Every structure is written in structure tokens, then in C-alpha cells.
Amino acid sequence: EEQKEYAEQRAMELKKAKDELEDYSLKLQMSSQYKTDFLANMSHELRTPLNSILILSQMLMENNGDMDAEEVAEYARVVNTSGADLLRLIDDILDLSKIEAGKIEILTDEVNVTEIPQTMRNMFNPVAAKKNLQFDIIMDSNVPPVISTDGQRLQQILKNLLSNAFKFTEQGGVTLQIELALPEKAQRVLDKQTRDPVLAISVTDTGIGIPQDKQQIIFDAFQQVDGTTNRQYGGTGLGLSICREFTRLLGGAIELQSEPQKGSTFTLYIPSRLDGEDSLPLDAQLA
Ligand code: ADP
């Protein structure tokens, strides 16, 4: 009897070990698939701007007066934006590897929330105009004008979310809304109690939307809804994973609601004080 029990137990342990091993090798296989996809996408993303830079700069070099000034300026402009695209890509990769190595620095500062709308307008009005899209910004009056967080990182998160919103939208537009999160909501998404008000910053678009079964994985590095090399939209699938990691570093969380063909809303919840160590529970704040 005892031997039988022992044998059964061994068999169960073995099965568990086998399952774990299979699980692990599946994960390994998947991660090597990611790498293959990533390298294919990355080469494409690097080659496109580099090709423009090489071709156009050569044309500019060979120009002996047969180009008019307007043409020269236009080519120079494309060379410049292609260089900027490349720099952004490389910065993204560096950020992500720094995050992974735990080497990213968070600099807490007094951040002027009232300046965010103008900064985002300056950045995105041109793309809105070019694609003929609406760009609305709503800021609730009860939002604290100054918060204590890493302004650079916050700006990077918003920039990524907004550039995705504009990229995946062809009709309608994009709305950036800055408001205070309801206390219960803040507590639920941040998974901890905080005395400080929590900002809810949402980016809503009327774009292509994201299927339910992709809504989690797009936050992983190198993941895209359409990851094929002949896909319609460029990009590397790094933006959202950077957003998620930066948001964590700011003590916050990101939520996504989306419906294919209708649009998406990414909501960023961030505490108004990053250093709120001695925070009281929310219910005490409400009392
Ligand atoms: P990238 O945009 O470089 O591909 P991201 O990590 O920013 O990388 O986004 C990953 C994927 O998530 C995108 O490729 C796209 O499939 C999907 N996605 C992100 N934002 C949106 C959005 N606003 N609307 C539709 N799809 C989106």
C-alpha cells in the first residue's frame, strides 16, 4: 500500500516536472520567435530612414545648381526628420535595455500640469493637421496645477500614447483628457492606498481599435497587433512597453479599453506625489 502511494506520488512529481519543462521550452520557443520578428522589424525600421538619408544627401551633394531652393530645403528637411526617427528608435532601445537592467533614473521634480496641453499641442498639431484629424484637450479645473513626479518620463509616456493614437486613426480624432481619478478607482488600479490625489490622464482615439485577445500582449516588448513584415503600420512594438515600465516607475498604472473599428482609450493613473511614503489611507483622506 505504502509503495503504491509512493509510486503515485513520484508519478505526479514527474508529471509536474514534465509539464514545467514543456512550459519552459514553449516560452523559449516563443522568445526566439520574438527575437526573429524583432530583428526583421528592426532592420526594416532602421533601413527606411537610413535609405532616405543616403539617397537624399547624395542628391544634395550632386546638385550643381539645377535644383531650386525649395527642393533643396525639402530634401534637407526629409534628411533631418529621418535622422530624428533613427535617434528616437535608438533612444527607445536604450531606454528599454536600461529599464531591464534596472538602471533607469527617476528624477522627481515639481511638474507644471497646466503646461502639458500646450506642450502636446506643439508636438501633435502638425500631425493632426496633416491627417486632417481633430485634436481636443480637456483639463478639469480640479486638477492640481503642480505635481511631484518625473516630468521627462511623464512627457515620454504621453508622447508615445498620443503618437500611437494619431498613427492608428484615419478619421475623427484624438482627445487628451486630464482629470482627477475617483479615489476608489485610484485605489483599485494602483493596488495600494494613497493619500495624494491621483491623476487620470486619458488618450482616446477613434481609430482602428485593438482586438480583445491582443489588449494584454501589446504592452510586451516587440509585440504588435500585426507583426508581419509586410504590415501596414511601421514601428517596433517598443513604445507601449516603455510606457508601461515608466508608468510603474512613476508609481502608476495604465488601463486600456478598446473596440475594433471604434477606437481605443489608454488611461494613465499617476499619483500626484511620487515620494508620498507616509501617505494615509484613502478612506482617512475622505473622512
Ligand atoms: P509600435 O507602435 O512601434 O508598433 P507600441 O508598443 O507603441 O509599438 O504599440 C504596439 C502595438 O499596439 C501597435 O503596433 C499596434 O498594433 C497596437 N496599438 C498601440 N496603440 C494603438 C492605438 N491607439 N490604436 C490601435 N492599435 C494600437
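S97 has its place in helix α2, residues 69-100. Helices here are DSSP runs of H or I with at least four residues, strands are runs of E with at least two, and both are numbered from the N terminus. With a relative accessible area of 40%, S97 is partly exposed. That label covers the range between buried, which is under 20% relative accessible area, and exposed, which is over 50%, using a 1.4 Å probe and protein chains only. Between the C-alpha atoms of S97 and Q261 there are 34 Å, and the two residues are 164 apart along the chain.

A word on the basis. This is a predicted model, in which local features need pLDDT of at least 70 and side-chain atom pairs count only at pLDDT 80 or more, while totals for chains, interfaces and linings use all residues. Residues are numbered from 1 along each chain as its sequence is written, and side-chain values use heavy atoms, with hydrogens and water left out.

Next, the sheet. In what order do the five strands of the open sheet run? The order is β2-β4-β5-β7-β6, and the pairing is mixed. Two strands pair if DSSP finds at least two bridges between them. At the edges stand β2 (134-139) and β6 (253-259); each has a single partner strand, so one side of each is left without a neighbour in the sheet. On average, neighbouring strands of this sheet are turned by 10° against each other, direction ignored.

At the β2 end, β2 and β4 pair in the parallel sense over six bridges. D136 has T175 in β4 as its bridge partner. Helix α3 packs on the sheet and touches β2 and β4, with its direction at about 170° to that of β2. Helix α4 also packs on the sheet, touching β2, β4, β5 and β7 (263-271), and its direction makes about 20° with that of β5. Contact means heavy atoms within 4.5 Å. The axes are lines fitted to C-alpha atoms, for helices over the stretch in contact, and angles run from 0 to 180 degrees between N-to-C directions.

At the β6 end, β6 and β7 pair in the antiparallel sense over seven bridges. F266 in β7 is the bridge partner of L256. The hairpin of these two strands has three residues between them, and Q261 takes a positive phi near 70° there. Most residues other than glycine have a negative phi. Q261 counts as exposed because its relative accessibility is 68%. N132 is another residue other than glycine with a positive phi, near 60°. N132 is found in the loop between α3 and β2, and at 67% relative accessibility it counts as exposed.

Which residues have the most contacts inside the largest nonpolar core? They are M120, F135, L154, L162 and F266, in a core of 45 residues. A nonpolar core is a set of buried Ala, Val, Leu, Ile, Met, Phe, Trp, Tyr and Cys residues joined through side-chain atoms within 4.5 Å. Helix α4 gives the most to this core, with seven residues. Leaving aside neighbours within four places in sequence, L154 is in contact with residues including I116, I201 and I270. Another core, of seven residues, lies apart from the largest one, and A181, A186, A253 and Y269 are among its members.

Last, the aromatic rings. A search of the whole structure finds four aromatic pairs. Rings of Phe, Tyr and Trp (its six-membered ring) pair if their centres lie within 6.5 Å; planes under 30 degrees apart count as stacked, over 60 as edge-to-face and the rest as tilted. One of the pairs is F124 with F166, which is stacked, at 5.6 Å centre to centre and 10° between the planes. F124 is in helix α3 (residues 116-130) and F166 in helix α4 (residues 151-167), so this pair links parts of the chain 42 residues apart. Both F124 and F166 are buried.

F168 and Y233 form a tilted pair, at 4.7 Å centre to centre and 55° between the planes. F168 counts as partly exposed at 25% relative accessibility, and Y233 counts as buried at 18%.

F124, F135 and F166 form one aromatic cluster. What sits over the ring of F135? The charged end of R121 does, 5.9 Å from the ring centre. The cut-off for a charge over a ring is NZ of Lys or CZ of Arg within 6 Å of the ring centre and within 35 degrees of the ring normal.
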